[in-house]
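Dear colleague,

Please find below the structure that I am handing over to you.

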Amino acid sequence: MSTSNATSSPTLSSSPRSFSSLLVLCLIAPLALIPVGLFTLAGNGSSSHLKLASLWKLRVGFVSSKATAALSALRPNDSYPATESPWPMSYSEENQVAFAPPSAAENETLTEKPEPDEPAAIEEPVRVVKRYSRLERLEARLSRARSAIREAALVRNLTSVHADADYVPRGPIYRNANAFHRSYLEMERLFKIYVYQEGEPPVFHDGPCRSIYSTEGRFIHEMERGHNQYRTMDPDEALVYFLPFSVVMLVRYLYEPGSHKTDAMRRAVVDYVDIIAAKHPFWNRSLGADHFMLSCHDWGPHTSSYVPHLFKKSIRVLCNANTSEGFDPCKDASLPEINLKTGEISGLLGGPSPSRRSILAFFAGHLHGHIRHLLLQEWKDKEDPDVQVYDHLPGRASYESMLRQSRYCLCPSGYEVASPRVVEAIYAECVPVLISDSYVPPFSDVLNWKAFSVQVQVRDIPNIKKILMGISQPQYLRMQRRVKQVQRHFAANGPPRRYDVFHMTVHSIWLRRLNIRIADST
């Protein structure tokens, strides 16, 4: 009995120990295999740990503006797409983010669980200082100006909400008074023009200040003034570059009348642009897109064609703003043609009240182009007291006095689309009647010409009287008041005054510069 108990006791006592050992082994073995599996996954290119590390790094890192905005949108709910890489190529390529996926060693470190008595290591964020070039800083300012103008355009009031001691744009003569005012103020704050100093007068840096080409000469002279608020002597500070050649002077000094040979003019323009491109980096950087020329001569568009990039890419400020001859309103600007017969600019504005204007419509001018031919053919010999059309004024009649006696002034195109009669009518407070094909009126991206002028198709020349008689008296009075209001934008002043023709011309160039973005050639 006692022997039986002695032999059975060891068997009963060892059985629980074996069972306990087996149980411990079953629990510990899987835990020991987990790190091995994790290292195996990392070695096989599994993305699970890579994503964990990368998400943490993106949340604490510093990136450029676009990436920051994208990350900010993710932060409110800390949700990350499980299938997308946390390092989009657009971040690293476009924004130059200095983050790279963690190395294998980093992955291994992240998988190791720190000891309880050791604080978790916090990885320092990587800071990248982006150094912007002067051009990039200029473009950034332009971008902010664009945003301000777009925001101002949302205000559809007829009166600008911006304060201005000199003038606050208001009324229907503007497409959007608030947007124009904001744009004008941004221009005064930011816009700088560099005038190339190469070239000698009179073909360069000079121009006529009298005759129908006076707008060209006055602008060149104003840009040559050292204290002009827009001119900068530092080309790296400029937003646009002025090619200061005068087409009028090219024709005067390099063209033989009647020869139909323009080779000398072509060589002068081509050589000038070649010199500019060789001495300065700016033409080649943009292929001329931030350069501009200005001309009031009929040959202005043709002269620009001597240099293909000048014609196709540069800003061309032209009186002859004819879309059928390549004028592009998106990049080119229409320039008003002002006939300063003596060069005098005082005493040009004003006229009698509407009640003292006895003539319905008036025109006087030589046969000059097919539109004038149609107008004279239709109305010259009718001797209609309401519509008075002449190729020569009778007796001692004064052209200026006839303008001031008329309610509407007919402004037909000549051989080219531009006509000085448009500005002459505005000066005389006579509602202009535009008769042309393919003509873009000056400052039409800002001004609403339908509010203060009448536009008649060439085919409707026989119906001019019917069209004008169909305008009610209240409507005519409104248009006439608006003509008086718009005078300030066409007035020539010396020195220029804010919002006058010089500043409006500069503003047209400013708007075209806003339409493009220039990048460093490097």
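The findings are set out below, beginning with the basis of the analysis.

This is a predicted model, in which local features need pLDDT of at least 70 and side-chain atom pairs count only at pLDDT 80 or more, while totals for chains, interfaces and linings use all residues. Residues are numbered from 1 along each chain as its sequence is written, and side-chain values use heavy atoms, with hydrogens and water left out.

Disulfides

Taking a disulfide as a pair of cysteine sulfur atoms within 2.5 Å, the count comes to 2. The bonded cysteines, counted along the chain, follow the pattern 1-2, 3-4. Helices (H or I, at least four residues) and strands (E, at least two) are DSSP runs numbered from the N terminus. Buried stands for under 20% relative accessible area, exposed for over 50%, and partly exposed for values in between (1.4 Å probe, protein chains only).

C296 and C319 are bonded, with their sulfur atoms 1.8 Å apart. C296 sits in the loop between strand 3 (291-295) and helix 12 (300-304), and C319 in the loop between strand 4 (315-318) and strand 5 (333-334), 23 residues apart. The S-S torsion of this pair is about -85°, so the disulfide is left-handed. C296 is buried at 1% relative accessible area, and C319 is buried at 0%.

The other bond joins C409 to C430, S to S 2.2 Å. Because C409 belongs to strand 8 (residues 406-412) and C430 to the loop between helix 16 (421-427) and strand 9 (431-435), the pair ties together parts 21 residues apart in sequence. With 115° about the S-S bond, this link is right-handed. C409 is buried at 1%, as is C430 at 0%.

C411 is also buried, at 4%. Its closest cysteine sulfur is that of C409, 6.4 Å away and too far for a bond. C209 is partly exposed, at 27%.

Two strands pair if DSSP finds at least two bridges between them. An open sheet of 5 strands has the order 7-6-8-9-10, with parallel pairing. Strand 7 (387-390) and strand 10 (454-456) are at the edges with a single partner strand each, so one side of each lacks a neighbour in the sheet. The twist averages 20° from one strand to the next, where axes are lines fitted to C-alpha atoms (for helices over the stretch in contact) and angles run from 0 to 180 degrees between N-to-C directions.

Strands 8 and 9 pair in the parallel sense over 5 bridges, and Y408 stands opposite V431 in strand 9.

Yours sincerely
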